[in-house]
Every structure is written in structure tokens, then in C-alpha cells.
Amino acid sequence: MNSKIREAICLDRQPVAVIRTDTPPEGDLLSFPSGARGRCLVSLLAAASQGHNAVIQANTTGCNGGKVGLGFEPMAPEPMAQILSTGGPMEGMYYKDCPEHARCYIESLPHIETKPYVVFRPLDQLMDGEVPACVVFLANADQISALVTLSNFDRPNQDNVKLLFGAGCSQAVLYALCDSAVGREQCTLGLTDPSARLHLDKSLLSFSIPYPRFLEMERKVEDSFLTKSLWLELRKRIK
């Protein structure tokens, strides 16, 4: 499907449909080899936004954080609490100031029932019968401003977008998958994880939307600020 939002915000990348399935997907799909180590799933997400299809399984996710971020398994507190903070035998990441705070983060992570395959598919290549769990935009600051504003356009409350600490794949995928699973319609701003940003263009952040909410937002484009003079002036510098 073609996205009205994408056209309105002059996004040169495709929104990425995230599909969880029990059936092996067909076709020519990007994937990491089984047992690969150190491969960041954000690179596959970025590739999907540029027209490629990708498939991930637990055994092709060489990063433990990636397995968590796609819902394949929960995060084990040890040794991750040490790794995320002050370290042990090796230097830690210092994303948390102590192991106790890192454990609190780990224990707060949501988890969903796993499926064997997660597919990243450009939205315009969505196949008949496929229903994504969520849609992920990779966008610059002006485009993010439009997505945030649109997500609040038809709601009386002001907390329709959240930004949570986490690994890049958790921010871009896991939180939206979990919201979709329980029917929650919040959007998630993400890819603020410095580790993940090494695999992403420096101008981009992620904006993830549970699929039913995405369809609602698509229907609101014509009635919103996206067709009015202020946005039309602002988007001249995006083109």
C-alpha cells in the first residue's frame, strides 16, 4: 500500500511494515547468517526502508539485545546489568550509572509471545493478506515533528507519543509490538540508543505506530495541518 503520510511529509524512504508470522516468508529476503555475532538489526530496518525485504529468526539474531527487541526472548538480568552499566572484567557501556538501575530497566521491559519469523517489509510491497503489527518510519526532525503532531490531531489527550529508554530495536520495534498486542494506540519515538545509531544515518530517528492506529492516522491526512499553508511552507526545505 502507498502511504498518504509518507507523501505528505516528503519521506524518501518507505515506512516499514513489521510482520510476525509462523510461516516462512517467500521471496528474496535479506537475513543474517545463523549464529552471526555483532550484527545490529537496525541495519535491516534501514535496508527495508530503502526497498529491501528482510526476515529475522531467533537463530539469525546474533545480538542478545536484538532477540529481546523482536520478542524472541526476555532479557536476562545477568550479565546485562553489568554490561549496560559499569562493567565487570570488561568495560561497561555506562548507559546506566550502576547495575541496580540497569536491572530495574531490564525488569521493566515488556515481553510478547514469540513467533518464529519477523519480517521487515517496505509498506508499498505489503502482500495480500499480510497484516502488520506495526509500521516504523525512519524520518528526520521536520518529518518527526509532523508525525508527532498528526498522532495528536484527533485525540483530546496529549500523551499519544512516548519516548522510552532502551536498545534501538526495543525502541523501534518491541514497544510498538507490545502496544499492538494489547490494543494500545500510543506511538513510540525511538532510535536514541547510541549503539544503534552507528548503523543509521545521523539525521534519522524512528517513529513506530501500531497498525490500527496507523490506518486511522492515514485517514486523517487530508483534514489535518498536512494540507495547510504552514506545513506546505515548512516542507519546502525537506524536498
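User: Let's start with Cys10: is this residue buried or exposed?
Analyst: Cys10 counts as buried, because its relative accessibility is 19%. Buried means under 20% relative accessible area, exposed means over 50%, and partly exposed lies in between, with a 1.4 Å probe and protein chains only. This is a predicted model, in which local features need pLDDT of at least 70, side-chain atom pairs count only at pLDDT 80 or more, and totals for chains, interfaces and linings use all residues. Residues are numbered from 1 along each chain as its sequence is written, and side-chain values use heavy atoms, with hydrogens and water left out.

User: Where in the chain is Cys10 found, and what is its phi?
Analyst: Here is the general idea to begin with. Most residues other than glycine have a negative phi, and most peptide bonds are trans. Cys10 is not a glycine, yet has a positive phi of about 55°. Cys10 sits in the loop between helix 1 and strand 1 (16-21). Helices (H or I, at least four residues) and strands (E, at least two) are DSSP runs, numbered from the N terminus.

User: What is the phi of Tyr94, and is Tyr94 buried or exposed?
Analyst: Tyr94 also is not a glycine and has a positive phi, of about 60°. With a relative accessible area of 51%, Tyr94 is exposed. Look for Tyr94 in the loop between helix 4 and helix 5.

User: And peptide bonds: is the one from Glu78 to Pro79 cis or trans?
Analyst: For a peptide bond, you read omega. From Glu78 to Pro79 the bond is cis, with omega near 10°. Pro79 belongs to helix 4.

User: What share of the residues is buried, and what is the accessible surface of the chain?
Analyst: Of the 239 residues, 50% count as buried. The accessible surface comes to about 11500 Å², and 53% of that belongs to carbon and sulfur atoms. Such areas come from the Shrake-Rupley method with a 1.4 Å probe; for residues, only the protein chains shown count as cover.

User: Which residues of helix 9 are buried, and what covers them?
Analyst: In helix 9 (residues 211-219), the buried residues are Tyr211, Arg213, Phe214, Met217 and Glu218. Seen down the helix axis, they fall within an arc of 155°, so they line one face of helix 9. The arc is that of the directions from the helix axis to the C-beta atoms. Their cover includes helix 1 (4-8), strand 4 (134-139), helix 6 (141-153), strand 6 (187-190) and strand 7 (205-210).

User: What do the two sides of helix 5 carry?
Analyst: Helix 5 (residues 99-108) has Pro99, Ala102, Tyr105 and Ile106 buried. These fall within an arc of 115° seen down the axis, so they line one face of helix 5. The face turned away from that buried side carries the exposed residues Glu107 and Ser108. Helix 4 (77-84) and helix 7 (168-181) are among the elements covering the buried residues of helix 5.

User: Which residues does Ile112 touch?
Analyst: Not counting residues up to four places away in sequence, Ile112 touches Arg20, Gly71, Leu177, Cys178 and Ala181. Ile112 is in the loop between helix 5 and strand 3 (117-122), and is buried, with a relative accessible area of 7%.

Key:
Contact means heavy atoms within 4.5 Å.
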